Number of protein chains: 2
Amino acid sequence: MVGYYIVVYDINEKRVAKVHKILREYLQWRQRSVFEGWLREEELTELMRKLSAVINEEEDSVLFYRLPSEKVIHSFHIGRPPDKFDNVI
Amino acid sequence: MVGYYIVVYDINEKRVAKVHKILREYLQWRQRSVFEGWLREEELTELMRKLSAVINEEEDSVLFYRLPSEKVIHSFHIGRPPDKFDNVI
């Protein structure tokens, strides 16, 4: 089963580069700590396993929102444009 | 029209307390830089006006996701639990 995910991390800066790198393998970067994109069930499992191996369970948190489709969301911002967004939306 | 919003901020630390305080007036705190909740159209307008008055357009960014209902999302996390979540979900 495929889902559209918004992922927001709150990670100690010591580990933030590693977490960022893992998330980039699977998702598109949206804002400093926000990624988005489609994941198949096995990709989600793999991503969560890789993140769990890197994060500190006491200090770090990664929040996942699963949506049935990116069509149900509408996004906009105020202030400077999001850092980057490669494609899709 | 009412919508369910996920709001993620990326704000210079000089202004983060002010932005956080404004967002708490309207939404529930989910994770360090993430808020969620229902907003009527006029509340959204008011919130955006207040945020615009405080943020620096060059340095700060606030990303809004609008959803038709919180029922379309399913959320979960890895690592430590989200900081706090008062109610609703």
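Colleague: What conventions apply here?
Modeller: This is a predicted model in which local features need pLDDT of at least 70 and side-chain atom pairs count only at pLDDT 80 or more, while totals for chains, interfaces and linings use all residues. Residues are numbered from 1 along each chain as its sequence is written, chains are lettered from A and ligands numbered from 1 in the order in which they are written, and side-chain values use heavy atoms, with hydrogens and water left out.

Colleague: How many residues are in contact between the chains?
Modeller: In chain B, 39 residues are in contact with 39 residues of chain A, where contact means heavy atoms within 4.5 Å. About 3400 Å² is buried between the two chains, 58% of it on carbon and sulfur atoms. Buried area is the accessible area (1.4 Å probe) that two parts lose on being put together, summed over both.

Colleague: And how many salt bridges are there between chain B and chain A?
Modeller: The count is four, a salt bridge being a side-chain nitrogen of Lys or Arg within 4 Å of a carboxyl oxygen of Asp or Glu. Over all chains the count comes to 18.

Colleague: Which residues are linked with D10(A) in a network of salt bridges?
Modeller: The network links D10(A) with R32(B) and R80(B). For R32(B) and D10(A), the closest N and O atoms are 2.7 Å apart. That pair crosses between chains, from the loop between strand 2 and strand 3 of chain B to strand 1 (residues 2–10) of chain A. Strands (E, at least two residues) and helices (H or I, at least four residues) are DSSP runs, numbered from the N terminus. For D10(A) and R80(B), the closest N and O atoms are 2.6 Å apart, with R80(B) in the segment after strand 5 of chain B.

Colleague: Is D10(A) buried or exposed?
Modeller: D10(A) counts as buried, at 8% relative accessibility. R80(B) is buried as well, whereas R32(B) is partly exposed, with a relative accessible area of 34%. Buried means under 20% relative accessible area, exposed over 50%, and partly exposed in between (1.4 Å probe, protein chains only).

Colleague: Switching to the fold, what pairs with strand 3 of chain B?
Modeller: Strand 1 (residues 2–10) of chain B runs antiparallel to strand 3 of chain B, joined by seven bridges. Strand 2 (residues 28–31) of chain B also pairs with strand 3 in the antiparallel sense, over three bridges; two strands pair if DSSP finds at least two bridges between them. Within these pairings, I6(B) stands opposite E36(B), and W29(B) stands opposite F35(B). A hairpin joins strand 2 to strand 3 of chain B through two residues.

Colleague: How many residues of strand 3 are buried?
Modeller: Five of the seven residues in strand 3 (residues 34–40) of chain B are buried.

Colleague: Which residue meets K50(B) in a salt bridge?
Modeller: The partner is E25(B), at 2.9 Å from N to O. K50(B) lies in helix 2 of chain B and E25(B) in helix 1 (residues 13–26) of chain B, so the pair ties together parts that are 25 residues apart in sequence.
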